[in-house]
Number of protein chains: 2
Amino acid sequence: MKITANDISDAYKKISPFIHKTPVLTNNSINRITNSDLYFKCENFQKTGSFKARGAFNAILSVNEQKLKKGVATHSSGNHAAALAFAAQRLKIKSFIVMPKNAPVNKIEAVKSYDGLIVFCDSSLEAREATLEKVVTQTCATFIHPYNNYDIIKGQATAAYEFFNQIEKPDYILVPLGGGGILSGTSLATKYFSPNTKVIGVEPQIADDAFRSLRDGKIYSSTYPNTIADGLRTSLKKRTFRILKENNVEILTVKEKTIAEALFLIIERMKIVVEPSAVVTLAAVLENRKRFEGKKIGLLLSGGNLDLSKIPEYRKIAGKE
Amino acid sequence: MKITANDISDAYKKISPFIHKTPVLTNNSINRITNSDLYFKCENFQKTGSFKARGAFNAILSVNEQKLKKGVATHSSGNHAAALAFAAQRLKIKSFIVMPKNAPVNKIEAVKSYDGLIVFCDSSLEAREATLEKVVTQTCATFIHPYNNYDIIKGQATAAYEFFNQIEKPDYILVPLGGGGILSGTSLATKYFSPNTKVIGVEPQIADDAFRSLRDGKIYSSTYPNTIADGLRTSLKKRTFRILKENNVEILTVKEKTIAEALFLIIERMKIVVEPSAVVTLAAVLENRKRFEGKKIGLLLSGGNLDLSKIPEYRKIAGKE
């Protein structure tokens, strides 16, 4: 399956009634610190607080109506869970969300507030997958994987598509990398709509499975390392791996301390709320100043679902206490 | 001295090259909670992170050039200090800022980063005023009071002036109340540019000196109570008291717990950073639901200089831990 330019613009038309066109913000004082020209695409302001709403709407709207009557299902403890439940509620269908018992309380609350039917399970990947299979068998709901799904990837691609209509011809676009959904979508949108822009994926140094996977040409599974960028713990899957490989996407890795520093730079200077996973891109600019000096750079702020109870921990890592 | 409609529009023209036109944001989920139509004027995104930049620029630009060569001075441990230092730096004049030794580190850092010359003193009001007098005598700098100054009030009035050009004919405009600078400016801008809108000032219940002052017709001094809305501890002075009295401005008071709840509602739902002093207006809507139901309401989000080290304390007050 090949995703075309039309697939992306069609997805954008399809989801536009349901999502926000998010703003692009700039900040003089961060530009002065990095000596570059940064354009932040604020998907933290997106519905449900992350870009995942784009993929969720596109995926649901791509299932045929008859099947949709049975609802949709997924397993996730993060932003995809909330986005899928929200999109399902908005489109008046059922959603079944398999979540580990120890998922963060605020994520569970979010899914509940969107009328998602939560099925709890143990926290291992095996338990999640087994529970999901049971749910799908019983309900006949359509499984929508968080990223290893072409309709999800097309939906996530619309963030960059929208960005290139707001900011012309950046030298770089930097995107957080977990399972690779938003990164593979961005690599395609860039190829079609801003071909002179270089795409870079960024992941935590202690969760560098995608970097190693692309270097060695085979998928390494994630060991779910304890990075503060908790949205980036997952590993690539077949579809995202193939797209990133075909488009020869470069990967950079960043330190935990720099992620925490980038988090506070954005919160304190820009006065917007972002989550650690969203700021690895700024961390990459901070760790590679020479390379990015004087460049025009898009940074995808992927989400704003910050767990405020963890602020003291993040401050410690940033060396602020 | 009477501030006219022209004074406000002139101030706006004068300061426009130096300040941000701040956006007005809305949020569906907060509207659903309050069952009203809320328009947040985001002065947290203003230069230096608060509306104080408006008054500071207008005040400095209203001093004659000869006098300006000696610089400007003030005493403040808060947003006015940073705003005055920033405006002075931008306009290439000196600023002398008297700050108590125990002022928050981030405020001291902000003033330093804007090249403000800091003179430390003890934390009592007497010590601050005596130190300021000494500084003014020695330097011949012009003293710019944080709010008891007509040029400051005209500058602060431009926030509401700008708002009424963005949002037409709200039923109410709600404004935080400390010394009364932004509230008296707003009451004048509303009288001239949106006369059917009702202005309400909001202060913490444990810092209700302005409420009592207007009720009893005499200024009560602040006892600097320990409210989390630390920007609202100051008391009215002659000029702000007179304007609020003449315009018959209503005052509401709010509980600490509601302030903390409003803080997290805005941070978590709107994904923007605000300080406790900025959210007393939303707290007032939450405490007076019946009155504000179905109404179109402007809320002035006065600033975004949140002290992140205090998040655990605020969460406790909001009952989140």
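Reply: Let us begin with a helix pair: the crossing of H9(B) and H11(B) is left-handed. Please keep in mind throughout that this is a predicted model.

Me: At what angle do helix H9 and helix H11 of chain B pack?
Reply: Helix H9 of chain B covers residues 181-193 and helix H11 of chain B covers residues 238-246, and their axes are 9 Å apart. With that spacing in mind, the packing angle of the two helices is about 40 degrees.

Me: Which strands stand at the edges of the open sheet of 6 strands in chain A?
Reply: The order of this sheet in chain A is S1-S2-S10-S7-S8-S9, and its pairing is mixed. An edge strand here pairs on one side only, and this holds for strand S1 (24-25) and strand S9 (250-254) of chain A. The edge strands of chain A are therefore, as the order of the sheet also shows because its ends are named there, S1 and S9.

Me: Which residue stands opposite Asp37(B) in S10(B)?
Reply: In chain B, strand S1 pairs with strand S2 in the antiparallel sense over 2 bridges, and Val24(B) has Lys41(B) as its bridge partner in S2(B). S2(B) also pairs with strand S10 of chain B, here in the parallel sense and over 6 bridges. In that strand, S10(B), the residue opposite Asp37(B) is Lys296(B).

Me: Why is one side of S5 and of S6 in chain A left without a neighbour in the sheet?
Reply: These strands belong to an open sheet of 4 strands in chain A, with the order S5-S4-S3-S6 and parallel pairing. Inside this sheet, strand S3 and strand S4 of chain A pair over 4 bridges, and Val72(A) stands opposite Ser95(A) in S4(A). Strand S5 (117-121) and strand S6 (142-143) of chain A have one side without a neighbour because they stand at the edges, each with a single partner strand.

Me: Which helix gives the most to the side of domain 1 of chain A that touches domain 2 of chain A?
Reply: Chain A is divided into domain 1 (5-50 + 149-317) and domain 2 (53-143), and their C-alpha centres lie 24 Å apart. The contact takes 22 residues from domain 1 of chain A and 16 residues from domain 2 of chain A. Helix H1 (5-15) and helix H8 (150-166) of chain A each supply at least two residues of the domain 1 side. With 7 residues, the helix that gives the most is H8(A).

Me: What relation do chain A and chain B have?
Reply: Chain B is superposed on chain A by a rotation of 180 degrees with 0.0 Å of shift along its axis, at an RMSD of 0.0 Å.

Me: Which helix supplies the largest share of the side of chain B that touches chain A?
Reply: The contact between the chains takes 13 residues from chain B and 13 residues from chain A. On the chain B side there are 7 nonpolar, 4 polar and 2 charged residues. The largest share of that side, 3 residues, comes from residues 311-317 of chain B, which form helix H15.

Terms used: Residues are numbered from 1 along each chain as its sequence is written. Chains are lettered from A and ligands numbered from 1 in the order in which they are written. This is a predicted model: local features need pLDDT of at least 70, side-chain atom pairs count only at pLDDT 80 or more; totals for chains, interfaces and linings use all residues. Axes are lines fitted to C-alpha atoms, for helices over the stretch in contact, and angles run from 0 to 180 degrees between N-to-C directions. A crossing is left-handed if the near helix is turned anticlockwise from the far one by less than a right angle, and right-handed if clockwise. Copies are superposed by least squares on the C-alpha atoms of residues with pLDDT of at least 70 in both. Two residues are in contact if their C-beta atoms, placed from the backbone, lie within 7 Å. Ala, Val, Leu, Ile, Met, Phe, Trp, Tyr, Cys and Pro count as nonpolar, Asp, Glu, Lys and Arg as charged, and the others, Gly among them, as polar. Domain bounds come from an automatic or database domain assignment.
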